[in-house]
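Trainee: Could you take me through one part of this model closely, and then place it in its surroundings?

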Amino acid sequence: MEPAVEKKEAEQEEQQLPQARKDDAPAAAAAEEDEADSEETERRNRDLKAGLHPLRRKLVLWYTRRTPGARSQAYEDNIKKIIDFSTVESFWVCYCHLARPSSLPSPTDLHLFKDGIRPLWEDPANQNGGKWIIRFKKAVSGRFWEDLVLVLVGDQLDYSDDVCGVVLSVRFNEDILSVWNRNASDHQVCNSTRCSMLCTYDVQTVTYSCSFAVQAVMTLRDSIKRHLKLPHSYLMEYKPHDASRRDNSSYRNTWLRG
């Protein structure tokens, strides 16, 4: 075979490799998801045989405490895993010993997330998502936090597979609850014009536009309101994690209110 022909064939093979890897990616992701589902089923069966009451999802509790006035430290280094649980019984053992919001110093965060998802914007499960935010006076935050934890543990929220976890943020003048979801632009749920909303976000004179279908996000908002029995006077705000990465802020410059 001529050297020129061999070279051309080699180049064609190199060009086909990236496409082959790209085509294999969805299959690999599906295989990982099937394996995770199989492990969850095995776990639930083991718990049932042991006479326990398995949760639909194994959950992990994380804790973050930053020292006011101290030099900024990498956020990921501050996150500490407290405990995980996968049954009703183990949840109550954990929760009965958990400090209440009123006793936590400021600033402190408690994160209750599904197993395999870290409470970071950059986590693969979170990176395309966002969060609904609710601000509370300290006198009432404990009750709403408890209700939100029970809602997550009981897998009661609409679009629950889209929910990653919930966060309690204890601050000086207020406490903030947030519900993180996987997708801030879920076109798979509804991509019709009437279900789309154009949002603009300005920071440092740069404008970012995001057009997304709001059905899943807005349905999640309504589900949170319903389960928490949230009074009409409370405002809920939504912010994509991509926007948080851009302005390095969790709760400022929110996009959507309702």
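**Helix 4 and its surroundings**

Mentor: Helix 4 covers residues 138-153, which is 16 residues, and spans 23 Å from its first C-alpha to its last, close to the 22 Å expected at 1.5 Å a residue. That expectation is 1.5 Å times one less than the number of residues. Helices (H or I, at least four residues) and strands (E, at least two) are DSSP runs numbered from the N terminus. The model is predicted, so local features need pLDDT of at least 70 and side-chain atom pairs pLDDT 80 or more, while totals for chains, interfaces and linings use all residues. Residues are numbered from 1 along each chain as its sequence is written, and side-chain values use heavy atoms, leaving out hydrogens and water.

The buried residues of helix 4 are Ser141, Phe144, Trp145, Leu148, Val149, Val151, Leu152 and Val153. Here buried is under 20% relative accessible area, exposed is over 50%, and partly exposed lies in between (1.4 Å probe, protein chains only). An α-helix has 3.6 residues a turn, so residues three or four places apart point the same way.

Just after helix 4, Asp155 has a positive phi of about 55 degrees, although this residue is not a glycine. Asp155 sits in the loop between helix 4 and strand 5 (163-170). Asp155 counts as partly exposed because its relative accessibility is 23%. Asn248, in the loop between helix 6 (241-247) and strand 10 (256-257), also has a positive phi of about 55 degrees without being a glycine. Asn248 is exposed because its relative accessible area is 62%.

Next, the packing. The largest nonpolar core has 41 residues, and Phe85, Leu112, Trp132, Ile134, Val153, Val179 and Ile224 touch the most other members. Helix 4 gives the most to this core, with seven residues. Apart from this core lies another of 14 residues, among them Val60, Ile79, Trp121 and Ile176. A nonpolar core is a set of buried Ala, Val, Leu, Ile, Met, Phe, Trp, Tyr and Cys residues joined through side-chain atoms within 4.5 Å. With neighbours within four places in sequence left aside, the contacts of Trp132 (heavy atoms within 4.5 Å) include Leu177, Val179, Val217, Ile224, Tyr238 and Leu256.

On a 1 Å grid over the protein atoms alone, a cavity is a set of points where a 1.4 Å probe fits but cannot get out, and lining residues have an atom within 4 Å of a point. The lining of the largest cavity consists of Leu61, Phe85, Phe91, Cys94, Tyr95, Leu98, Leu112, Trp145 and Val149. Helix 3 and helix 4 are the elements that give two or more residues to that lining, and helix 3 gives the most, with three.

Finally, the cysteines. The count of disulfides (cysteine sulfur atoms within 2.5 Å) is zero. Cys94 has the sulfur of Cys96 as its nearest cysteine sulfur, 9.1 Å away, and is in no disulfide. Cys94 is buried because its relative accessible area is 11%.

Notes:
On a 1 Å grid over the protein atoms alone, a cavity is a set of points where a 1.4 Å probe fits but cannot get out, and a pocket is an open set with protein on both sides within 12 Å along at least five of seven lines; lining residues have an atom within 4 Å of a point.
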